[in-house]
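Colleague: Hi! Could you walk me through this protein model, slowly and in plain words?

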Amino acid sequence: MTLPSAALSNDELNEWRKKFFAEPKNVLAQNVCTRIDPFEACLSRQTIEKTVHVFTHKVETEGKPVTNQKNSGRCWLFAALNCIRIPFMKRYALDEFEFSQSFLFFWDKIERCNHFLHNIHKTAQKEEVEGRLVSFLLSDPICDGGQWDMLVNLIAKHGLMPKKCFPESFTSEATTRMNSILKSKLREYAKDIRELVKSNASEQKVNEKIKEQMRCIYKVVGICLGIPPETFKWEYYNKSKEYQCVGPISPLQFYEEHVKPVFNVADKVCLVTDPRPTNKYGQAYTVDYLNNVVGGRDVLYNNQPVELLMDLVTQSLKNGEVVWFGCEVSKRFAPKYGAEDMEIHDFSLVFDTDIQITMPKADRLIYGESAMTHAMVFTAVSVNEDGQPYKFRVENSWGEERGDKGYLIMTSEWFKEFLFEIVVDKSIVPQDVLDVFEQTPIVLPAWDPMGTLAN
């Protein structure tokens, strides 16, 4: 039996061309989409008209100023610090305040490079360099993105400090060049470590080599970002214009004495929703080799139905506490209007085919069409007469230029499709859900989509 040729024939191409131009709508769509952004051409005017940034339940005070991560992948740090600053600002009667994102970013780079080098050591005798795991680790040795548990590791070890005491730098706002240097050195160092292991060097000798390598890494990061001070003095005016001073104090003391009483990161729990049939709800998971601090707590996922996550977000906002979350921000999103809405784009009208939601959420994860890519903060919710949420207010970290002066609006339908992770206070989480954290987690492979980092 002779199978049809896999090659496209000229007859087929000519037929498609004729049919394309025979439809006036195609010509109109072509005229528009060759001159402007195709996604802009697909925006639904009717949906835009219904995008109203007013909510039934809103936290008493939102953080100021609106933050901007610039050209970096630090959204997970910005979102977390935006959560923490709200009760902190209330406690210290501040009109505006930011924690230093660059401070945590510095320590994340140092800790994560060290974690990577020790992962290379651990895998050196398990797998050849061409193997899938080692190839995956080498594909992106250091990036800006992260997860909630990684943030907890940084704060627990290094503390926090005000942004005024360790401000941004050129490189913290544009991280590509520093990351390029670090990736180059880490791959070079990976080769050195593997060759040491191959020569039967002792574990002590390998660890000494990693310490030597880390001295260079520390120097590179310090040159690019600055090096955080061991102690600092925080001077400020409160809302009554009264002078106040804290310190000299170490960043860890600052967290323990001044931040922890109003926001204890250890009291927050991370819940995810992964609907793949292989990953059942009510089960704990982790991702192999995913972390940033050697000896730090594991990145742990408590898998639950998306409806529970939505209920807990709503409850937390009604209680006046904002919520850190991770989602796939770019799908069905109109940045100018700050709208995350399943109806915001009408792709079928323009292209005669739909995109982004043509597969169920589980299949999108399986086929690489979806993953958590960005972290933000919920600050308000609207509920209907039955008490069910139908839209949420979102604080982003892209400055004031997009949306409602930096804030977005998310529908509950969008939440169900593109949200993957939330962090709430454990006091509002049902006991049977908290019990899942006591399980021995199932270890997902390093390349699993649940290991994607928010940036």
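Modeller: Happy to; we can go through the active site, a helix, some cysteines and the salt bridges. This is a predicted model, where local features need pLDDT of at least 70 and side-chain atom pairs count only at pLDDT 80 or more, while totals for chains, interfaces and linings use all residues. Residues are numbered from 1 along each chain as its sequence is written, and side-chain values use heavy atoms, with hydrogens and water left out.

Colleague: Great. Where does UniProt place the "active site"?

Modeller: The unreviewed UniProt entry puts that feature at Cys75, His374 and Asn396. The three cluster in space although they are spread over 322 residues of sequence, with a largest C-alpha distance of 9.6 Å. UniProt positions are in the numbering used here, feature names are shortened, and annotations may be inferred rather than shown by experiment.

Colleague: Is His374 buried or exposed?

Modeller: His374 is buried, because its relative accessible area is 2%. Buried means under 20% relative accessible area, exposed means over 50%, and partly exposed is in between, using a 1.4 Å probe and protein chains only.

Colleague: And which strand holds His374?

Modeller: His374 is in strand S10, residues 374-383. Helices (H or I, at least four residues) and strands (E, at least two) are DSSP runs, numbered from the N terminus.

Colleague: What does His374 touch?

Modeller: Not counting residues up to four places away in sequence, its contacts include Cys75, Asn396, Gln69 and Trp398. Contact means heavy atoms within 4.5 Å.

Colleague: Where is Asn396, then?

Modeller: Asn396 sits in the loop between strand S11 (389-395) and strand S12 (407-411). Asn396 counts as buried, at 3% relative accessibility. Leaving aside neighbours within four places in sequence, Asn396 is in contact with residues including Val66, Thr67 and Asn82.

Colleague: New topic: how far apart are the end C-alpha atoms of helix H13?

Modeller: They are 19 Å apart, which agrees with the 18 Å that the 13 residues of H13 (residues 306-318) should span at 1.5 Å a residue. The expected span is 1.5 Å times one less than the number of residues. Among the buried residues of H13 are Val306, Leu309 and Leu317. After H13 comes Gly320, with a positive phi near 90°.

Colleague: How many disulfides does the structure hold?

Modeller: It holds 0 disulfides. For Cys42, the nearest cysteine sulfur belongs to Cys33, 5.8 Å away. A disulfide here is a pair of cysteine sulfur atoms within 2.5 Å. Cys42 is buried, with a relative accessible area of 2%.

Colleague: Which residue forms a salt bridge with Arg364?

Modeller: That is Glu417, with the closest N and O atoms 3.1 Å apart. Arg364 belongs to helix H15 (residues 361-366) and Glu417 to helix H16 (residues 412-418), so the pair ties together parts 53 residues apart in sequence. Arg364 is buried at 1% relative accessibility, whereas Glu417 is partly exposed at 25%.

Colleague: What about Asp404?

Modeller: Asp404 forms a salt bridge with Arg393, the closest N and O atoms being 3.2 Å apart. Asp404 is partly exposed, with a relative accessible area of 28%, and Arg393 is buried at 7%. Salt bridges that share partners link Lys58, Glu62, Arg393 and Asp404 into one network.

Conventions:
A salt bridge is a side-chain nitrogen of Lys or Arg within 4 Å of a carboxyl oxygen of Asp or Glu.
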